[in-house]
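Here are my notes on the model, for checking beside the sequence. The points run from a single residue pair out to the two chains.

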Protein chains: 2
Amino acid sequence: MELPVIQPGELNKRPAQTPIFSKVGIVGLGLIGGSIALAARELWPAALVIGVDNKDVLETAMRLHAIDIAADDPYVLAEADLVILAAPVKQNIELLADLDDNVNQPAVVTDVGSTKRAIVDAARSLPPKFTFIGGHPLGGAAKSGLENARPDLFTGRPWLLTPSTDGGEAIVKLSAFVTALGAQPRVVDVATHDRLLAYLSHLPQLTASALMKVVGHAVGAPGLTLSGKGLADTTRLASSPPEIWRDIAATNADEIGPALDVLIAVLQDLRRDLPKGDQLSDVFTEAAEWRRTLKP
Amino acid sequence: MELPVIQPGELNKRPAQTPIFSKVGIVGLGLIGGSIALAARELWPAALVIGVDNKDVLETAMRLHAIDIAADDPYVLAEADLVILAAPVKQNIELLADLDDNVNQPAVVTDVGSTKRAIVDAARSLPPKFTFIGGHPLGGAAKSGLENARPDLFTGRPWLLTPSTDGGEAIVKLSAFVTALGAQPRVVDVATHDRLLAYLSHLPQLTASALMKVVGHAVGAPGLTLSGKGLADTTRLASSPPEIWRDIAATNADEIGPALDVLIAVLQDLRRDLPKGDQLSDVFTEAAEWRRTLKP
């Protein structure tokens, strides 16, 4: 797949557009939720962006001009026609249960979580006034949190959508929304999503954190002063927040588990073969070939 | 440890110095050997830089003005007063065996390999006209090979030295040589070196290659187009050349093996704990703390 080259900042130059949704409610203003809010306010001055989070985060969001309306209670979503759940996965699932109490009118509901089967299952109990479409913007930045949010975070990146019915008008509108944000919408089925992400994202994350723990524990702070770019790159993901990953692991354990088993088996093969190095040569050669297909 | 901030290019501005060694022989003109050659020629126009490698590499080295004298046979080292072995570890060890046939006068001999016990052991058989001091410049670039060599590659980076005797004048001169290259010489004992590097470098390398193989094999080229910066960072080391790493693994198997065992045990704990996530929270929290002490 060729990704189009869109320069950061290009989003800012676009003329104001007719809003696709007039009241966009975002629950959870972290890196992803905050970046959606910033982009939506720039793109559609006529739309209202409603942010739900705790009071500290809302203060930051108001200071960054990321939202029009702020509340620490989802009652403020009453008139939203798009609700984006951008909290950790299990919180998003809990929020779904209360949605009917908080949102009074028909709305498209989506999320931005890294696993999809659990929330899509939960969304089957929503009343018919809601159309739920699972969503997952890929990529993101190395650093999490609202203070690292940027309106061009999604530029040129895939945004996976997992509609559970044919979606009708809702999928068309949500696709237009994420396209306006600079992303490339792609429809995938939920099972494929969770299997793919187990390998592309969840396994690298667990590996990076495990490696950093093992190396730090073994060599200590003085030893780490001798480390170079190699260790820094390989463990960059280890800065990720535990609370997000606990939910991801729990809601995709049946896919991440087998992926971990395969990695453990390869590491065990390498370990047995260290003095000879035949297995090492095979693994390194295949790995270098795959690595060439990724960006530097 | 605070590393001094020396800007790239600063090396070029330094005035020509009296050579510390008058004839510097470098066997193996890859990233490290090539960068030493480029720096030595800039720093000491009065010294001769002698390069030994195969004919293709030597042609490139001459074109890059990295060396004064080129040959594909170590006989050209006859008058060298510093010999730097910069081939893969096992080749360096083989080269030691022939050194007395090739070098006619007293010389300081060093290497730049990532394991030290094997070559330091082998160097004990050298005749007394040679003083061997193991060496290991840390850091380096993401890409290997002479075409990525740069005279400022070592700027601000540690250069570990493992003298096997008290070293005398040789260690003073070699320290001055690597300091002139911009590096920070640090003396460590060979066993500590090999244990530290098993964790800081060898374990991350094996992990990155194993992960890239597993992910590439599982999702294939179309799946990889959906990958982001996280996978790219975590697997950057997987581009490393197998031939170098085969030798490193073989000559440090007894240290890398136990390090791999610890990592495998942590991954197995995480795997068992996926649905609950208690272990995950602990590992992620400790890993994030260690990661904060590294460069971004």
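1. A:Leu161 has A:Val187, in strand 8 of chain A, opposite it. Strand 8 runs parallel to strand 7 (residues 158-163) of chain A, and four bridges join the two. Strands here are DSSP runs of E with at least two residues, helices are runs of H or I with at least four, and both are numbered from the N terminus. Two strands count as paired if DSSP finds at least two bridges between them.

2. The model is predicted: local features need pLDDT of at least 70, side-chain atom pairs count only at pLDDT 80 or more, and totals for chains, interfaces and linings use all residues. Residues are numbered from 1 along each chain as its sequence is written, chains are lettered from A and ligands numbered from 1 in the order in which they are written, and side-chain values use heavy atoms, leaving out hydrogens and water.

3. In chain A, eight strands make up an open sheet with mixed pairing, in the order 3-2-1-4-5-6-7-8. Strand 3 (69-71) and strand 8 (184-187) of chain A are its edges, each pairing on one side only. On average, neighbouring strands of this sheet are turned by 25 degrees against each other, direction ignored.

4. Helix 4 (residues 89-102) of chain A lies across strand 1 (23-27), strand 4 (82-85), strand 5 (107-111) and strand 6 (130-137) of chain A. Helix 4 runs at about 150 degrees to strand 4 of chain A. Axes are lines fitted to C-alpha atoms, for helices over the stretch in contact (heavy atoms within 4.5 Å); angles run from 0 to 180 degrees between N-to-C directions.

5. Chain B superposes on chain A by a rotation of 180 degrees with 0.0 Å of shift along the axis (RMSD 0.0 Å). That is the relation of a two-fold axis. B:Thr234 comes closest to the rotation axis of the residues of chain B, at 2.0 Å (C-alpha).

6. The copies meet through the same surface, because 100% of the interface residues of chain B are also interface residues in chain A.

Methods:
Least-squares fit on C-alpha atoms with pLDDT ≥ 70 in both.
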